[in-house]
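Here is my notebook from an afternoon of looking things up, one entry at a time. Keep the model open beside it and follow along.

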Amino acid sequence: MENKTFDNQGITLDESILMPKQAALPAEINIKDAVGHDRFEDVFEEFSPNQVVKIVPKKQQWNFHCQNAIVLRIEVWSERIIRFRYTYTRHFQPDVSYGLDPHFKKRDVPTIIAETHDFWQLKTHFLKVIVSKKDLKIKILDIQDKIICEDAAGYYAKTTMMHGTTDVRITKKCQPNERYFGLGDKGCSLDLRGKSFENWCTDAFAFEPDTDPLYRAIPFFYGFHQNTSYGIFLDNSFKTKFNFDTEGNNTFYFASEGGEINYYFIYGENLTDVARQYHHLTGKPDLPPIWALGFHQCRWSYFPEKRVKDVAQTFRKLKIPCDAIYLDIDYMDEYRCFTWNHKHFPNPNQMISDLQKIGFQTIVMINPGIKQDEDYEIYAEGLENDYFLKRVDGEILVARVWPNETVFPDFLNHRVREWFGDLYEKLYVENGVAGFWNDMNEPANFKLNIKTIPNNILHHSDKEGIFSHAKGHNIYGVMMSQSSVEGFRKLRPEKRPFLLVRASYAGGQRHAAVWTGDNVATWEQLQMANRQIQRLSLSGFSFSGSDIGGFKDVPTGELLVRWLQLGIFHPFYRIHSMGNNEVGDSLSDSSIVTEAEARNRLDQEPWSFGDATTDLARQAIEFRYQLLPYLYTAFYKLTTEGQPMMLSQGFYDSTDVENFKQEQQFIAGKQLLVAPVTEANLSEMPVYFPKGIWYDLQDGTQYIGNQLIMIKTPIHKIPIFAKAGACIPLYPVMQFTGERPVEILKLNVFYTNEVEISELYEDAGEGYAHLKQQYALTRFKTDGSKNNIFKISRQIKGHFTLTYHSIQLIINGFDFEPNVCLIEQKPIIFNKMSHNRYEVIVSAHFKEVIFK
């Protein structure tokens, strides 16, 4: 068999122009059918760029054409974001993205292009892009000619007759001491260098730190070297691969098993600036209902109805705050989505109403798999309207999930998305379910060891026509999310939707919260959860959390408490466990049991490990509710500025290399350093403080940054430290959000001899009046820059009416002894609480408070 290369016009090309040359063999792959007979041979062709022969400019876009039909298209999207697309066929595929925010606007950026003997140069205000005429290799520099990122081998593509494109990749050089971060929910250490990964949404039950791939496909990563920061988003929904110098040859590559190399290069002033730009590119979530940031309780499964009510009533009896209770798959009628098992739940409307009266929202699971049952109305309707995924020959795919024989809606089709979104009407409108949980949406399949459906299943996309599941797999979950949320908004437009999903793709943060999946009750998994939520936050998905205590197995009481303490700072805060999947007896006054009994019963409620653990769990959850105004403000900054709700310590201050080593510490919001305890029996531990001055949030002890300090960590203590100058708002403890109006706001203020700005965002916590100025955005400024004078000033925007009329100011860390406190230049009485801590009650509408 002769091995030739053809361009897209069918013209035979001289192999000598390929760089590097094609393999000198007819690459033969014997394919055998089910009975072992040879059916055909396959050949592959490889493509790398050779001489650039022309450049075709268009507004904000330049096409570089190689002699062998490879084309590079460079598009300037902003002064700091540049898009690179490659094709080996001269023609680009349809320009469709499932990851980009459809509202992102490209800017008209002044760009200068210049030509030399060896290369072309594109120049914006911040960047220079060098394109080699010899081989199309790219070099990106800053305006001072410092190298940010550059190609090593550059572009490569491989295609076969039987499978089409099987490999497209870019290989780049690692810069000196370069670090890599991102890629979503990977469980390993935060620095990705020396590791390789795949992105392929996978049902990864009981995953471990080195398990890969996991549930989400987020093909975005950061590079950092010599105080230079950038990000690369490979917008390709096929299986993608990332290798960060595993061979030790100072190169890294990113690749896909199909489609195009289509990536966005993002240059930032620092790593957090890159994160903000990525959020603007792929989208930011809307504000959720504030109850979604409260504590949630879940188990596989709570039933019958009496069990659900007893769990809820036990929360209230023991005064452990909780906002939501979840119903897993057993609420359904034999796993038929959008139905109720009336044996276990004879009157769902009344149950949901009764739960609402004591402050509980009800969340139920909806999976993508539809039970194959001709008497099941939803299956019959989907069958009649051709809504389900099919094989190449037109046969409907039948997989096996919880209902056994299962079919899957084709969420790539807008008609299917609209139909599926409308199916929520009975649960959402008639029954009063408050939110939903899309599980198993990789999609999972129990029939095959690949855990999902075959790649040759066909999707019928309203954007691109027909394509295979090889392309549709990684976006299946996010398109289900879009279908669900669009349905919620249509059915109840006055409500902010809440959706929790497992599988997703870059940009999926616009639609839903995520959790890390089916983890295990171990200390190692607690440490991994800490890393995963940091990484998810930096990868666009701030609204995330883990199954607190572990989904599989049962934690010790100490592990549960420490996980609850960590979870305070994870935007999604939920206990979830595997349980024993049996109908349990109703809980009673004796439901607080010993730890051994709890482990035997597989219980994981906060009261399941004895009185002492119950008290500690309550204390942790109560603090979450006190901290809600701070967390809600951080969510607001996410929705408006793209500021991640959590930062790894190295992202907070990348100028100090020690910060990158502190993988179990992080910054919550902008002003709290959190050092959670993630090891058993730890009575003290070292904490490395980043630059500046920090104060213990609870007792006001001052710590100087850029040093390692031993901190006591008794079981009741969460090591939390506020940045000097910060104003940290706290609400009173409530059993659920909105239980009663806030009558007084506690504002913990931490002294600084500089100037610091803090913000507090408040609104109704539900609905959309905040889009019509019905919000209050308060800006606090602390200023201690003058000797023996400390000022706290306040400005407010918006028209939301605050429920509280007073603010309790608690000022920590004075470096002088104040003699007088003035509010609007008038003296006011203040109290000395301890050596350097003072308290004063002021009007909620104050403009300036001065201590001197």
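**Entry: helix 5.** Which elements do the buried residues of helix 5 pack against? I looked, and I found strand 24 (370-371), helix 4 (377-384) and helix 7 (469-491). Contact here means heavy atoms within 4.5 Å. Helices (H or I, at least four residues) and strands (E, at least two) are DSSP runs, numbered from the N terminus.

Before going on, I noted that this is a predicted model, in which local features need pLDDT of at least 70 and side-chain atom pairs count only at pLDDT 80 or more, while totals for chains, interfaces and linings use all residues. Residues are numbered from 1 along each chain as its sequence is written, and side-chain values use heavy atoms, with hydrogens and water left out.

Helix 5 covers residues 414-422, and its buried residues are V416, R417, W419, F420 and G421. Buried means under 20% relative accessible area, exposed over 50%, and partly exposed in between (1.4 Å probe, protein chains only). A reminder to myself: an α-helix has 3.6 residues a turn, so residues three or four places apart point the same way.

I also checked how helix 5 begins. N413 caps its N-terminal end, with a side-chain oxygen 2.8 Å from the backbone nitrogen of R415. A polar contact is a pair of N or O atoms within 3.5 Å; within protein, one must be able to donate a hydrogen and the other to accept it, and residues adjacent in sequence count only if both atoms are side-chain atoms.

Entry: Rolling a probe the size of a water molecule over the atoms shows where empty space is left. On a 1 Å grid over the protein atoms alone, a cavity is a set of points where a 1.4 Å probe fits but cannot get out; a pocket is an open set with protein on both sides within 12 Å along at least five of seven lines; lining residues have an atom within 4 Å of a point. Grid points are joined across faces, edges and corners, and a volume is the space filled by probe spheres set on the points.

How many cavities of 30 Å³ or more does the structure hold? I counted seven. The largest cavity has a volume of about 230 Å³. Its lining has 18 residues, and Q93, V96, D235, N236 and K471 are the closest to its centre. I sorted that lining into five nonpolar, six polar and seven charged residues. For this sorting, Ala, Val, Leu, Ile, Met, Phe, Trp, Tyr, Cys and Pro count as nonpolar, Asp, Glu, Lys and Arg as charged, and the others, Gly among them, as polar.

The second largest cavity holds about 160 Å³ of space. Of its 17 lining residues, P285, D286, P497, H511 and A512 lie nearest the centre. This lining divides into eleven nonpolar, two polar and four charged residues.

**Entry: the largest pocket.** I found about 900 Å³ of space in it. It is lined by 38 residues, and L100, D101, P102, H103 and F104 lie nearest its centre. Strand 7 (81-87), helix 1 (271-282) and helix 7 each give two or more residues to the lining. Which element gives the most? Helix 7 does, with six residues. The lining splits into twelve nonpolar, seven polar and 19 charged residues.

**Entry: cysteines.** I searched the whole structure for disulfides (pairs of cysteine sulfur atoms within 2.5 Å) and found zero. C149 is buried, at 1% relative accessibility. For C727, the nearest cysteine sulfur is that of C821, 14 Å away. C727 is buried as well, with a relative accessible area of 1%.

Entry: I noted a cis peptide bond from W300 to S301, with omega near 0 degrees. S301 sits in the loop between strand 21 (295-297) and helix 2 (305-317). The bond from E442 to P443 is cis too, and P443 lies in the loop between strand 27 (435-438) and strand 28 (458-461).

M440 is placed in the loop between strand 27 and strand 28. M440 has a positive phi of about 60 degrees although it is not a glycine, and it is buried, with a relative accessible area of 5%.
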